[in-house]
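Welcome to this guided tour.

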Amino acid sequence: MEEQRKREPKPICTISGTVIHGRGIGKWIGAPTANLKLENRCNLPESGVYIAQILWNAKRYYGITHIGKRPTVDNQTDISIETHILNFDGDLYGQKIDVQLYQRLRGIQKFDDFSRLSEQIKQDCLFAQSFWEIQQDAISFTMDAKTHDVIIDNQSIYLSVKEFDVLYLLYSHPKAAFTKAQIYESVWHEPGNYRCHAVENTVFQIRKRLEPYAKGHDFIKTIVGYGYRYHEF
């Protein structure tokens, strides 16, 4: 998606390297990354997540770049350089790319689970879209209680019974936020004490199933320290 922007801020630095295979965790949580083997590590900035511009094959792309350890994934001390390119589904393995780093969004964080990590990555991507003035594509979203289908832009997506029931609870009450205990009691029909993990896992699976069709939208908003609500667009 080569496109001229209204403003051209100056990058903090540019790093170059070859895209290599990683563990595939980014793809698994809906945010595939290009893992870089750098030509020179001497000019790396401080650890963190940055807004990035990616130059490859005479084109420019936009995304976010992680530089540092991966405490949510493992306990290794190696520095990882991973770039998620917005709205890109090409194959870059073995290709050399240049990554220009602009604004540092945050430091490296350890998340309790991959669902929280996925939510944060989506927020980082929204900041990058705003920085580059990228408009999200319009999208239609409906749920059919009779067929237990989620319909995104006329594409029917099947969810398991629990996944559908959790999403439909939020979808049918768009102005309300639910605690994890309330969601568990409504869907599992059991007391919700100490059952938050089941809800978190189900929300994670819902996001994973919808990701290929959602055009960057996240239909479940996490209310930190509370629970979830439906995210209207």
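Before you click on anything, one word you will need: contact means that heavy atoms lie within 4.5 Å. This is a predicted model, where local features need pLDDT of at least 70 and side-chain atom pairs count only at pLDDT 80 or more, while totals for chains, interfaces and linings use all residues. Residues are numbered from 1 along each chain as its sequence is written, and side-chain values use heavy atoms, with hydrogens and water left out.

**Stop 1: a sheet**

Strands (E, at least two residues) and helices (H or I, at least four) are DSSP runs, numbered from the N terminus. Select β7 (141-144), β8 (149-152) and β9 (155-158). They form an open sheet of three strands in the order β7-β8-β9, with antiparallel pairing. Two strands pair if DSSP finds at least two bridges between them. Which are the edge strands? They are β7 and β9, and each pairs on one side only. Neighbouring strands of this sheet are turned by 25° against each other on average, direction ignored.

Now zoom in on β7 and β8, which four bridges join. Here F141 stands opposite I152 in β8.

**Stop 2**

Axes are lines fitted to C-alpha atoms, for helices over the stretch in contact, and angles run from 0 to 180 degrees between N-to-C directions. α3 lies across β7 and β8, at about 120° to β7. α5 lies across β7, β8 and β9, at about 150° to β9.

How do the two helices meet? Their axes come within 9 Å and cross at roughly 90°. That makes α3 roughly perpendicular to α5, a label used for angles of 65 to 115 degrees. The α3 side of the contact is made by K162, E163, V166 and L167, and the α5 side includes T202, V203 and L210.

**Stop 3: the core**

In soluble globular proteins, nonpolar side chains tend to be buried together. A nonpolar core is a set of buried Ala, Val, Leu, Ile, Met, Phe, Trp, Tyr and Cys residues joined through side-chain atoms within 4.5 Å. Buried means under 20% relative accessible area, exposed over 50%, and partly exposed in between (1.4 Å probe, protein chains only).

Select F141, V150, I152, L167, I183, L210 and F219: of the 26 residues in the largest nonpolar core, these touch the most other members. The largest share of this core, five residues, comes from α3.

Now pick L167. Leaving aside its neighbours within four places in sequence, L167 is in contact with F141, M143, V150, L159, I206, L210 and I220. Apart from this core lies another, of 18 residues, among them A34, Y61, I85 and L92.

**Stop 4**

Is D218 buried or exposed? At 10% relative accessibility, D218 counts as buried. The D218 side chain reaches the backbone nitrogen of I220 at 3.2 Å.

Next, go to N57, in the loop between β3 (48-56) and β4 (59-68). N57 has a positive phi of about 55° although it is not a glycine, and N57 is exposed, with a relative accessible area of 57%.

Finish at E133, in the loop between α2 (114-131) and β7. E133 has a positive phi of about 60°, although it is not a glycine. At 36% relative accessibility, E133 counts as partly exposed.

Notes:
A polar contact is a pair of N or O atoms within 3.5 Å; within protein, one must be able to donate a hydrogen and the other to accept it, and residues adjacent in sequence count only if both atoms are side-chain atoms. Angles under 35 degrees count as roughly parallel, over 145 as roughly antiparallel, 65 to 115 as roughly perpendicular and the rest as oblique.
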